[in-house]
Structures are given as C-alpha cells and as structure tokens.
Amino acid sequence: MKLFDKIIKHSERVGRGAEREVYALSDDYVLKIVKQRRVDLQGDQNKLELKVHQECPDHLRYLLCPITAHFYRNQIPMIIMERRPCLTDLDKRELRKTKNRLQSESRRVGENKDFDLLEVYFQINGLTGYKEFKQDVIQLCEMFTLSVRECLNVANNWGVKPDGRIQYIDYGGKESWKERERK
Ligand SMILES: Nc1ncnc2c1ncn2[C@@H]1O[C@H](COP(=O)(O)OP(=O)(O)O)[C@@H](O)[C@H]1O
Ligand SMILES: [Mg+2]
C-alpha cells in the first residue's frame, strides 16, 4: 500500500464537506484531500485555498487558518492545515438559540436587524470589533471571489484559536452564480 493511502487508512476523519475530506494527522494538523468521487472537480477547492493562502495581503492574513504545507498528487494539491475545533463542535445550538433571541428582540423594537452567525459568536464570547472583522471578511471574499454567505453564516467553516478568536478553515469555496447575480 502506498504511504498516502496508509496515512488515510490510519487517520481519524474529522470532517467532510461537499468536496473534501479532512483527516487528523495529529492534535495539531489536518490533511485536506479531494473526495475520490469528486475528482471531476480537479481539486478546485484545494487549488483556490492554496492560492488564497499564498496571495492573501498581510492585513487580512489573521482571518485564515494557516496552511503549513502542501504536496501534489496527480497535479492536485493536498493541503496540511493547522487543526482547530470548529464553531459547531463547540456551541451550534447556543449559536442558533442566541441568534433567534437577538432577532426577535430586534423585531420587538422595530429594528428588524438580521444577525450573522459569526456576529452572534462574537456576542456570546464577549469579542469586540465585529464591524471591522466583517469588513475584512468581505474584502477577502471580493478579492478572491469567495462566497460571503458561506463565510459569514456557515459555522462549521470556522475554527477557534486557543485565544478564542476565530479563523476561516474553508476558504476554497467560490461564490455561486446565484450570489453573483444578486450583486
Ligand atoms: N483546519 C481544520 N481543523 C479541523 N477541522 C477541519 C479543518 N478544516 C476542515 N475541517 C473539518 O472538515 C470539514 C470539511 O472541510 P471543508 O474545508 O469545509 O471542506 P469543503 O470545502 O468540502 O466544505 C469542515 O466542516 C470541518 O468540520
Ligand atoms: Mg465546508
């Protein structure tokens, strides 16, 4: 058996997205590979993630969970990334519950504010600076045509650093044609 297949066989799978599977290499690192049955995509998500990591301007780099190394298999990059607990592993139910509470309070006072899931995370954890954070996220998305919706509202695309700040762990997703049309 090839070394790569051995690694996959003996590693715990910690996550699965629409296009990639993610294996724990240790407590600190994960390996992100393209799903076997999605080879039709030619590794587009890993390619984009790598490009974003390589070309991201310094002032936005704090948003990205670092890629530690990459290597190629059949011209498709395989990514080794720092391992983070996901937002959903921590408090998916609390996020939803608090979001609903904040929105109904806002409706009651006639504001009708729509809270992003990440904004709710900031509130629950007493983090400041959501406005600037969101501006940076939008700038990053526009720069690389990433999906803003996926970014701000899909909690399992975010990982938590030991200091409680959050970093994007799935920055390989392009915005959909629907999002593009809405602009
Ligand atoms: N750096 C990471 N540390 C820990 N878990 C991760 C990491 N990156 C991804 N995952 C887990 O794997 C899942 C799938 O990875 P993701 O990058 O979102 O793939 P896809 O692009 O197919 O959605 C994530 O939802 C998350 O649960
Ligand atoms: Mg994902």
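What span should the 12 residues of H2 have at 1.5 Å a residue, and how far apart are its end C-alpha atoms? The span should be 16 Å, and the end C-alpha atoms are 16 Å apart, which agrees. The expected span is 1.5 Å times one less than the number of residues in the helix.

The model shown in these views is predicted: local features need pLDDT of at least 70, side-chain atom pairs count only at pLDDT 80 or more, and totals for chains, interfaces and linings use all residues. Residues are numbered from 1 along each chain as its sequence is written, while chains are lettered from A and ligands numbered from 1 in the order in which they are written.

**View 1. Helix H2 and its buried face.**
H2 covers residues 44-55. Helices (H or I, at least four residues) and strands (E, at least two) are DSSP runs, numbered from the N terminus. Gln45, Asn46, Glu49 and Val52 are the buried residues of H2. Seen down the helix axis, they fall within an arc of 125°, so they line one face of H2. The arc is that of the directions from the helix axis to the C-beta atoms. Gln54 and Glu55 are exposed on the other side of H2. Buried means 20 or more other C-beta atoms within 10 Å of the residue's own, exposed means 12 or fewer, and partly exposed is in between, with C-beta atoms placed from the backbone. The packing partners of the buried H2 residues are E2, E3, E5 and H5. An α-helix has 3.6 residues a turn, so residues three or four places apart point the same way.

**View 2. The contact between the two domains.**
The chain is divided into domain 1 (3-82) and domain 2 (87-182). These bounds come from an automatic or database domain assignment. The C-alpha centres of domain 1 and domain 2 lie 22 Å apart. Domain 1 puts 11 residues into the contact, and domain 2 puts in 14 residues. Contact means that the C-beta atoms of two residues, placed from the backbone, lie within 7 Å. H2 supplies five residues, the largest share of the side of domain 1 that touches domain 2. By class, that side of domain 1 has seven nonpolar, three polar and one charged residues. Ala, Val, Leu, Ile, Met, Phe, Trp, Tyr, Cys and Pro count as nonpolar, Asp, Glu, Lys and Arg as charged, and the others, Gly among them, as polar.

**View 3. The shell around ligand 1.**
Which residues come nearest to ligand 1? Of the 24 residues around it, these are Gly15, Gly17, Arg20, Val22 and Asp170. A residue is near a molecule or strand if its C-beta atom, placed from the backbone, lies within 6 Å of it. Strands E1 (13-16), E2 (20-24), E3 (29-34) and E5 (76-82) each supply at least two residues of the shell. E1 gives the most, with three residues. The shell divides into eight nonpolar, eight polar and eight charged residues. Domain 1 and domain 2 both give residues to the shell, so ligand 1 lies between them.

H5 runs over residues 130-144. At 1.5 Å a residue, its 15 residues should span 21 Å; the end C-alpha atoms are 21 Å apart, which agrees. Val137, Leu140 and Cys141 are the buried residues of H5. They cover an arc of only 95° around the axis, which puts them on the same side of H5. Lys131, Glu132, Gln135 and Glu142 are exposed on the other side of H5. Helix H6 (148-153) is included in what covers the buried residues of H5. Thr145 is in the loop between H5 and H6. Thr145 has a positive phi of about 45° although it is not a glycine. With 13 other C-beta atoms within 10 Å, Thr145 is partly exposed.

**View 4. Helix H4 and its end.**
H4 spans residues 117-124, and its buried residues are Leu118, Glu119, Val120 and Tyr121. Gly126 follows H4, with a positive phi near 65°.

**View 5. Gln75 in its loop.**
Gln75 lies in the loop between strand E4 (67-73) and E5. Its phi is positive, about 65°, although Gln75 is not a glycine. Gln75 counts as exposed, with 8 C-beta neighbours inside 10 Å.

**View 6. Glu94 on helix H3.**
Glu94 has its place in H3 (residues 87-108). Is Glu94 buried or exposed? With 12 C-beta neighbours inside 10 Å, Glu94 counts as exposed. Glu94 and Lys51 are 43 residues apart in sequence and 34 Å apart in space, C-alpha to C-alpha.
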